[in-house]
Amino acid sequence: MRFKKICVIGLGYIGLPTAATFATRGIKVVGVDINSQVIETLRSGNVHIHEPSLRDLVEGAIHLGNFSFSSQPEEADVFLIAVPTPFQSDLQGEYDGRKYKLADLRAVKSATEAIVPHLRKGNLVILESTSPPRTTVDLVKPILESSGLIAGEDFYLCYSPERVLPGQILKELIENARVVGGITPESAKAGRDLYATFVKGEILETDATTAEMVKLMENTTRDVNIAIANEFSRLAERFGVDIWEAISLANRHPRIHILSPGPGAGGHCISVDPWFFVEAAPDLSSLIYQARQVNDAQPSYVIEKVKQAVGLLANKRIAALGLAYKPDVDDLRESPAVEVVHLLHKEGAQVTAWEPFKPDAILPGIDMASSLDSAIYDADAILLLVKHTEFKNLKPENITSRTRARIAVDTVNAWDANEWQKAGFQLHRLGAGQLPMTDPSSP
Ligand code: SAJ
């Protein structure tokens with residue numbers, strides 16, 4: 001199948017890099033977004049998201065004359081949907097006393113509806129948005145067929161999940177293996193042909209529902225693994241063990257890879273996707289549900305740690321370093337660090353936050369600092385929430401004279417307790433229980 005023109009609907013973290021990558025491979029791409037500000041930003045040569053090298057890629061594609069932007073779809077050979085699938089803010093489901101979140105598929109639905117007037121025989125439609133199992137066959141297919149065309153006969157229809165890691169999107173988009181699930185084998189084949197224009201990793205064909213499940217299983221596995229790491233860190237504190245040392249030793253086993261504890265599992269994927277399983281089959285997802293509970297409780301656990309370090313929180317000045325959901329990205333969505341500062345504020349602490357990747361973020365009740373120094377200088381305690389490279393490289397002896405604080409709390413194992421102690425700080429680390437050493441000289 002030959003592809004001359006692609007319409008990519010949704011120009012976010014996935015849609016924009018994907019669209020720009022196609023456009024640099026000689027295909028005409030129309031990027032569609034309902035947000036007029038996004039369209040204006042892109043038309044003016046800027047990029048609205050922070051991702052290494054993305055700006056250059058988009059600029060290059062525009063320069064080639066292959067990349068244009070619009071607020072609505074138009075006729076094309078391929079329609080690729082990459083819109084968000086958040087959860088509903090006002091509704092919850094309940095099963096056996098367990099409350100669970102519900103997927104909000106309105107964006108997928110309206111993007112699909114917007115394609116209908118432009119759908120022609122021989123087209124290929126691909127859903128990339130992470131979605132509950134059976135979304136392609138039960139939601140997308142019937143909407144597209146309202147055009148009078150039959151999926152699998154008149155046009156091809158696929159589900160193909162993205163698997164890229166924010167911070168490395170452009171590289172992983174090309175190098176990662178890509179699963180393409182078709183509603184018929186011919187659809188999968190058409191999807192393979194499309195991604196083969198830039199994917200260097202393996203392209204694996206399957207059916208659409210399997211591909212949906214594959215995506216959810218990947219992120220759910222990561223969530224469950226992070227939950228066990230968080231639970232281990234609580235156990236370690238109880239038993240006077242340093243979890244970071246214990247994990248590094250356990251990971252010397254050839255078949256064990258324990259992930260890192262921290263303030264929680266955030267972002268738009270890991271903390272959202274497992275709920276799609278719970279919603280679709282709550283009676284079969286108790287472990288998945290429990291892992292979500294453990295990870296969602298981590299910010300409260302951090303608050304207890306801070307209390308242990310500084311005592312009552314009321315009117316304490318806390319300098320919170322990092323708000324992003326993970327290191328070296330500017331994305332604050334579902335960020336556990338944001339939850340931590342909200343909880344601190346709720347308990348009466350005066351929080352000044354410094355997020356070098358998003359200094360202009362606005363969070364109710366939180367003072368945003370304009371530099372590291374302005375965050376820490378008048379603080380009672382420094383709280384590290386994200387392992388950004390610049391925080392990891394912070395030398396405590398360089399900041400002793402720049403802050404009033406002599407207490408620091410590290411939730412991500414970035415700082416060395418001895419170094420901080422030498423520089424005059426009392427460092428509290430998440431997961432570091434004090435091991436009562438047996439004294440060999442005692443009888
Ligand atoms: N985290 C920990 N401990 C760890 C690893 C991560 O607490 O050992 C936390 C992070 O700090 C963050 C959250 O988990 O808050 C998620 O971060 P992440 O790096 O695990 O994942 P994402 O959300 O940036 O990207 C994931 C990736 N999925 C997997 O690794 C299975 C990526 O490949 C997917 O494309 C992406 O979700 C997505 O879009 O679904």
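Two strands count as a pair here if DSSP finds at least two bridges between them. With that in hand, here are some close-ups of this predicted model.

**View 1. Strand β7 and its two neighbours.** Let's start with β7, which covers residues 124-127. Strand β4 (residues 78-81) is linked to β7 by 4 bridges, and the two run parallel. Look for Leu80, which stands opposite Ile126 of β7. There is also strand β8 (residues 156-159), again joined to β7 by 4 bridges and again parallel. Here Leu124 has Tyr156 of β8 as its bridge partner. To get from β7 to β8, the chain passes through helix α5 (residues 135-145), making a right-handed β-α-β crossover.

**View 2. Side chains along β7.** In a regular strand, side chains alternate between the two faces of the sheet. You can follow that along β7: Leu124 and Ile126 point one way, while Val125 and Leu127 point the other way. Are these four side chains buried or exposed? All of them are buried.

View 3. Tyr159 sits in strand β8. It counts as buried because its relative accessibility is 0%, and the cut-off for buried is under 20%. Which backbone oxygen does the side chain of Tyr159 reach? It is that of Ser129, at 3.0 Å.

View 4. Strands of a sheet pair through backbone hydrogen bonds, either parallel or antiparallel. In this view, 6 strands make an open sheet with parallel pairing, and the order reads β13-β12-β11-β14-β15-β16. At the edges are β13 (367-368) and β16 (426-429), each of which pairs on one side only. Inside the sheet, β14 (residues 381-384) and β15 (residues 407-410) run parallel and are joined by 4 bridges.

**View 5. Around the ligand.** How many residues surround the ligand? There are 20, and the closest are Glu162, Lys215, Asn219, Arg222 and Tyr325. Sorted by class, this shell holds 9 nonpolar, 4 polar and 7 charged residues. Helix α8 (residues 208-239) gives the largest share of the shell, with 5 residues.

View 6. Over at Ser260, a polar backbone atom is 2.7 Å from a nitrogen atom of the ligand. Taken alone, the ligand would expose 770 Å², and the protein buries 85% of that.

**View 7. Two loop residues with positive phi.** Most residues other than glycine have a negative phi. Ser53 is not a glycine, but has a positive phi of about 70 degrees. You'll find Ser53 in the loop between α2 (36-43) and α3 (54-63). Glu334 isn't a glycine either, and has a positive phi of about 50 degrees. Glu334 is in the loop between β11 (317-321) and α13 (336-346). Why does Glu334 count as partly exposed? Because its relative accessibility is 41%, which falls between the cut-offs of 20% and 50%.

Notes: Residues are numbered from 1 along each chain as its sequence is written. This is a predicted model: local features need pLDDT of at least 70, side-chain atom pairs count only at pLDDT 80 or more; totals for chains, interfaces and linings use all residues. Side-chain values use heavy atoms; hydrogens and water are left out. A residue is near a molecule or strand if one of its heavy atoms lies within 4 Å of it. A polar contact is a pair of N or O atoms within 3.5 Å; within protein, one must be able to donate a hydrogen and the other to accept it, and residues adjacent in sequence count only if both atoms are side-chain atoms. Accessible areas come from the Shrake-Rupley method with a 1.4 Å probe; for residues, only the protein chains shown count as cover. Ala, Val, Leu, Ile, Met, Phe, Trp, Tyr, Cys and Pro count as nonpolar, Asp, Glu, Lys and Arg as charged, and the others, Gly among them, as polar. Buried means under 20% relative accessible area, exposed over 50%, partly exposed in between (1.4 Å probe, protein chains only). A crossover is right-handed if, with the strands pointing away from the viewer, the path from the first strand over the helix to the second runs clockwise.
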